[in-house]
Amino acid sequence: MSLNFKQRLAIFEQQSQSLIGFGRGVEREALRVTSDGGLSKNGHPDAFGSALCHSTITTDYAESLLEFITPVAKDVDQLFAYLNDVHHYAAKNLENNETLWPISMPCFVDDQDSIELAQYGSSNVGKMKTAYRQGLKNRYGSMMQVIAGVHYNFSLPEAFWGAWAEAQQSPLSGKEAQSAGYMGLIRNYLRFGWVIPYLFGASPALCKSFLQGKKTAFDFAETGKGTVYLPYATSLRMSDLGYTNSAQSALKVCYNSLDNYLSSVRTALHQKTPQFTRLGIKENNQYVQLNDNILQIENELYASIRAKRVQERGETPSQALNARGIEYIEIRSLDVNPFSKVGITEEQVNFLDLFLTWCAIIPSEDISHAQSQHFSANLNKVVTQGRLPDLMLEIDGTEQNVAQWGEWITGQLKELAVVMDNKSVSQRYQNAIGHIAPRFASPELTSSARILKIIKDSYSDNGPLALSLSKTYKKELVEQGYQLWSDAFFENEKIISIQKQQHIEESDVLNFDAYLQQYFLNAEKK
């Protein structure tokens with residue numbers, strides 16, 4: 001007979017090390033924009049070294065879309081020291097007229113063809129990264145290349161898994177218990193992950209230029225000279241306008257075990273769709289896309305959460321997972337927080353730690369493909385109309401409104417917070433849930449409601465608000481000091497990254513066509 005929540009919690013409370021030592025990392029994306037709020041046309045700043053090889057500063061889809069990456073931190077204060085230091089260095093070394101766009105949806109873009117794809121040099125691996133982005137551009141348009149988000153990487157302590165096996169009454173241990181536990185966490189995130197855009201979504205509005213004249217199914221309201229919004233939206237970034245892929249709806253990715261997941265991803269990598277086949281592979285001897293499959297490579301599988309394992313050289317993500325199991329999970333449904341100069345707050349991190357631990361502790365039944373589609377529909381309802389009064393969500397046979405679901409979830413999170421704070425000798429988690437819990441019953445307290453109110457009351461358009469914040473944050477970041485790193489650290493990273501890229505370029509022996517052929521042959525191996 002399955003243990004109830006209090007019984008499970010008691011097991012973790014008894015095993016003192018099970019809730020100490022979480023691993024955390026942040027990847028924050030930010031557009032470089034000009035002083036008038038336009039997209040920067042400058043190349044990757046020289047001070048940032050090689051975008052291909054730098055350990056903390058790279059680019060995402062577009063050349064102007066920076067990505068800051070922290071090392072793994074076991075302490076929240078350390079995590080934010082890393083984040084503040086890399087932002088301090090970046091702000092000091094931007095062009096004088098450039099700032100970092102502090103919201104997820106992009107600035108004014110007059111013509112999407114003017115968006116330059118990220119460039120990574122002349123090596124085969126660098127060319128492949130750009131060719132992959134060329135495929136994304138041709139499949140989904142360039143505007144998707146300039147949407148920014150925050151990814152949160154999270155791992156549970158090694159001691160957690162013994163307590164997990166006892167709470168789940170599972171015979172598994174070691175790597176098998178860990179992978180099974182993370183898959184259970186992922187299934188519960190699919191069930192309840194709508195909580196994250198509801199609470200922290202901050203993109204209810206966007207610049208009309210993002211639509212590039214295309215008609216959508218959304219009945220937008222307008223404000224100011226060029227801003228459109230949905231009155232109850234939380235995260236348009238997570239909607240069909242942003243990081244979703246309608247072609248992927250035919251894919252049947254299974255999360256019921258790591259083996260199921262890897263098998264379904266391998267199947268998905270070979271599925272095709274006529275709309276991508278029509279594009280062709282090459283045009284004028286230049287790659288239009290890497291291939292005509294629904295997924296060019298695994299990275300194209302869009303999901304709000306991913307199972308992860310650090311890859312060794314030459315490995316695909318699936319090969320790393322198959323060889324050594326799940327190491328951590330990556331949360332991909334966080335908008336850039338416009339109320340933070342580094343895109344995320346300590347309170348958000350504390351809530352994420354708490355929520356993700358809860359997802360790992362509570363029961364996690366298998367999910368059918370129909371259920372998975374239903375949970376995706378729940379998420380889509382929340383990102384487009386999450387603050388609608390009495391919005392109903394059905395989960396595993398129970399239908400309640402958002403406030404009722406929130407009351408049940410936060411009730412258990414408050415109990416877990418007491419135990420986690422006892423282990424860390426702080427009030428960190430109780431303070432976070434105490435401050436955040438009221439937002440379920442009072443949607444006007446959510447990030448999306450707050451930012452929309454500011455836009456409508458004070459700025460009329462989201463562009464002037466974002467530009468004002470970007471200039472304020474740049475000044476603050478430039479003026480603050482380092483906490484852990486230094487100019488010398490970043491100067492050394494610059495030099496090392498350039499040397500690494502040069503070595504990679506000099507080591508290539510295959511032409512690009514042969515390299516791609518070899519890459520996809522190797523990717524077939526388990």
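Reader: Which residues does Phe48 touch, not counting those up to four places away in sequence?
Author: This is a predicted model. Phe48 lies in the loop between β1 (23–33) and β2. Leaving out residues up to four places away in sequence, Phe48 touches His54, Ile57, Leu66, Tyr89, Ala90, Asn93 and Leu94.

Reader: Is Phe48 buried or exposed?
Author: Buried means under 20% relative accessible area. The relative accessible area of Phe48 is 0%, so Phe48 is buried.

Reader: How far apart in space are Phe48 and Ala167?
Author: In sequence, 119 residues separate Phe48 and Ala167. From C-alpha to C-alpha, the distance in space is 47 Å.

Reader: What span should helix α3 have, and what is the distance between its end C-alpha atoms?
Author: Helix α3 covers residues 124–140, which is 17 residues.

Reader: Which elements do the buried residues of α3 pack against?
Author: The buried residues of α3 include Met128, Tyr132, Leu136 and Tyr140. After the helix comes Gly141, with a positive phi near 95°. The packing partners of the buried α3 residues are β2 (57–59), α8 (274–277), β10 (286–287) and α17 (512–523).

Reader: What is the radius of gyration of the protein chain, and what does the globule rule give?
Author: The protein chain has 17 helices and 14 strands. For 526 residues the globule rule gives 24 Å, and the chain comes close to this, so it is as compact as a globular protein of that length. The radius of gyration is 23 Å, against 24 Å from the rule.

Conventions:
Residues are numbered from 1 along each chain as its sequence is written. This is a predicted model: local features need pLDDT of at least 70, side-chain atom pairs count only at pLDDT 80 or more; totals for chains, interfaces and linings use all residues. Side-chain values use heavy atoms; hydrogens and water are left out. Helices (H or I, at least four residues) and strands (E, at least two) are DSSP runs, numbered from the N terminus. The expected span of a helix is 1.5 Å times one less than its number of residues. Buried means under 20% relative accessible area, exposed over 50%, partly exposed in between (1.4 Å probe, protein chains only). Contact means heavy atoms within 4.5 Å. The radius of gyration is taken over C-alpha atoms; the globule rule is 2.2 Å times the number of residues to the power 0.38.
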